[in-house]
Amino acid sequence: MPLEKNVNFLTEALRALRVENCELLYEEERRGLTRFAQDRIHQSSETEGRWLTVRCVEEGRVGLSKTRCFDREALARAAKQAKELAQSLPTPEYPRSLPSAYAGSFQGANDEATAHIQPFERAQIVRNLLDGKGKSKAELSGALVTRRETMCVVSTAGVRVFEERTRVDVNLVATGSGGTGRGFWTGWRISDAPWRRLLDEALAGATSRQETRTELRGNQRVVLDYLAVGQMIGFLGYLGFGAKSFIEKRSFLVSQLGEMIASPQLTVLEDPLSVVPVAHDYEGMPRKRTVLIQEGVACGLVTDSFTATLMGRENTGHAAQPDSPEGPLPTNMVVREGQLSLEELLNLVDEGIYIRDLHYVNVVEPMSTTITGMTRHGTYLIRGGKLTQRLPDFRFQVKILDFLRALIGIGRERRPAEGPCGIVESPPLASECFRIVGAAEQDQKRRRQ
Amino acid sequence: MSSEMLKDLAVRILDKIPRRKELYADVRIVWRRQERLKLTNFQPDVCLTEEDLGVGIRVYLAGHWGFAATSSLRSDSIDRAISKALASAGSSAYISIQGVPFQIPPQVVADYQTPVEIDPLSKSLEDKLGLLEAACRAMKSEKSVLLAEASLDIFKESKAFASTIGSVITQTTVHCGAGIAAYAVDGPSVQVRSYPANFGGDYHAAGYEFIEALDLVGHAPRVASEAAELLRAPVCPCGPTTVILESSQLALQIHESIGHAVELDRILGHEASFAGTSFIAPEMIGNFEYASPIVNVTADATSVGGLGTFCFDDEGVAAKAEPIVKEGRLVGVLSSCSTAPLIGRESSGAMRADGWQHFPLVRMTNINLEAGNKSLQELIEETDKGLWLETNRSWSIDDKRLHFQFATELAREINKGKLGKLYRNPVYFGTTPQFWRSCDAICGKEEWRIWGVPNCGKGEPMQVARVGHGCAPARFRNVQVGGVQ
């Protein structure tokens, strides 16, 4: 449905509902997916779905109802349910309200070629990647996902917002005699995807030979490449830089806002228009660029209309989906680049390890920012400032803030990586503090390795 | 929407798919109704009702799968979805990529419904909110508890499946879950205790009677006082020791280090690009010593109350109870009609999709550790020195499901057969076969219960499955334990 038509439809629907203090959030996604492994496409799918969320506020209480049915009867039922739910709730100490009038639209990251890519075109890309392996015996697996997402918000308070955007995610893993290697890219235009570079990076990891087992324990000097940094910085954002956990006193930032929490080299922003731009939040408010860490000092966090009012701060426009229990979170984080090439970072570390990616990261203790996980897709020994032998993967347990306080260098090329709640665009980072707590067991007899 | 209506619709959509001799197709219509209520400090947090409806169409053509799905049941949307599913299957063949096998399941016509005593959707909002509010109040009576959370989740799903081999199946499942959590705060220290488990509590395939039986309000004061006690407790000591895992923690241990490891698509490398593979290779099935001889693990899609309980999977294969580990030996895996033939087996009936919008994947059903023969009291009394570890707080495992680390909310010292001192921030880690081989005692049927995991993530983009794990507390020797400062 064209955007204007969507907004008009929603506005009409809202009027017909005759409900006060009501907001309608319309979300539509058309997704194409091709997954492949061992030279086979094992999933090829096309999905289209749309949701309507009705948010009713009654004396500061919020009731939500979601539906995929769009006939008049279903919409009326959803509104009635949301209203009745709100009326049933206990009176809140801090009443909620809908954000005040705002009108806006954004289609600045919307690519028709990406939106309309056909299954056979995605299959052709997979074929090209497989052909591009050349003589390499590594097995390729991965996923290519294309999306067109539409979002509209209208409310009785006068909000009228629409946004349409596209997104591409490419994940490529090569498995070979040396282990695995990975290439990852995300953007909003399929023609921007750097296929050759992604393939080369994946193959490089798969073909580098794994050397003898090395016992490494305790604190290490490290270079984390951008994929690994995405996890570290993303978890920092998740743990500390959302207003809800701050208000609930569950955030490490409660005692450290305004304090030096990292090396003065480090500046981290939330930039909603970076990489995969998202201009409005789920309340239809404009998402604002927010400095989270300025030269090592924690100086900001992200809010939605409710938490901003509670904290007496500006609404940065980071409302999550209404049914999310997490509250506002940074979803487009950017680590400001430094001056150093990857080679210079390795030189700076001199003796230590290089880590390409992290796997299955989880929080062990939130207030100390302690996380654990495994290294993946290439862990190498650095000796004399050069990458030498490939190492097995390691389990780490790291306090993110300790890692960031001990930064010794920042790379100059930023690239997008996945974090736990969005994209993190980051350069590689070198630090003197990264704690290894164990090595992965040698693989059992593997058929393919 | 009634099961009959869904069934009629599924058959009508199936009839629209152009028949070709070599084509197999199935249609899956899924209707879901969910109610989620969460109070934080008696304040409404997320309070939501949700109704989901859509159709997924899967076709198998000349060795290739295609899938399309839509939330619109209008005729033009369905026609478009059918065309897209066929185009998706054709696209793989078009570029001559090697195909995948498919073992056509037997034809079946059936209906199934979760047995329910009290329909959870018929219970009034006032009753549900009253329960959560009372639980929050009971936790807040402890001074250091700054945050008291109480939540409940009701899930009802009706699904109709129709396939070109003449199978027509309708299934209605009802899941209920609830839990409480108390956060005690002292300056920069925060400790959490939850009941009956963390991350939303416990879930069963059952009606509202399950939530009532949890007695959230009755447990709230204990939960709150334990959170406060943890603030003052010393950090868990480090080193190898004997541990007894409480059953909700053991359920997650089974989930991560057995359940995912025995998914055949992972074993075959299909999930290599995201969640990872498995340390298991096909040739290890039947002769690999996974665990000590007292360990028996069954994938049982028929367990009463399990979130992984159904009558037929999303390919129309009948639910089974299949041994996975028998007297310590790996004997089975979780599989589908496309993966099982690759190792010369039949599908274990574990192909499951998240809603209508996803292609099904090999997923866990209820992966149960069979009961042993000890009482919990005996287990503790027979342990000279060790730790009792209770309620999961964090989990992580490598991409081959081999090297894991778990954190729990609390540890209690076991000294000369008695529970003693409380410790905070315990973690334990190990490698899957070594850990399971060190299991030397499992509690009996009195302690055995099935736990619900409603948020198992897999696939790319992520699909969420609802799975179950039955188990009783068990003892493991020589486990590496540590504490986070």
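A charge sits over a ring if NZ of Lys or CZ of Arg is within 6 Å of the ring centre and within 35 degrees of the ring normal. Elsewhere in chain A, the charged end of Arg189(A) is placed over the ring of Trp188(A), at 4.4 Å from its centre.

A word on the ground rules. This is a predicted model, where local features need pLDDT of at least 70 and side-chain atom pairs count only at pLDDT 80 or more, while totals for chains, interfaces and linings use all residues. Residues are numbered from 1 along each chain as its sequence is written, chains are lettered from A and ligands numbered from 1 in the order in which they are written, and side-chain values use heavy atoms, leaving out hydrogens and water.

Now for rings meeting rings. Rings of Phe, Tyr and Trp (its six-membered ring) pair if their centres lie within 6.5 Å; planes under 30 degrees apart count as stacked, over 60 as edge-to-face and the rest as tilted. Searching the whole structure turns up 26 aromatic pairs over all chains. Take Tyr26(A) and Phe70(A): their ring centres are 5.7 Å apart and their planes at 80°, so this pair is edge-to-face. The pair links distant parts of the chain, 44 residues apart, with Tyr26(A) in strand β1 (residues 22–37) of chain A and Phe70(A) in the loop between β3 (61–67) and α2 (72–88). (Helices, H or I of at least four residues, and strands, E of at least two, are DSSP runs numbered from the N terminus.)

Are these two buried or exposed? Buried means under 20% relative accessible area, exposed over 50%, and partly exposed in between, using a 1.4 Å probe and protein chains only. Tyr26(A), at 0%, is buried, and Phe70(A), at 12%, counts as buried too. Over in chain B, the rings of Phe404(B) and Phe406(B) have centres 5.6 Å apart and planes at 45°, so that pair is tilted; both residues are buried. Chain B also holds an aromatic cluster formed by Tyr24(B), Tyr60(B), Trp65(B), Phe67(B), Phe102(B) and Phe359(B).

Back in chain A, look at helix α6 (residues 226–240). Of its 15 residues, 14 are buried, so α6(A) is largely enclosed by the rest of the structure.

Key:
The expected span of a helix is 1.5 Å times one less than its number of residues.
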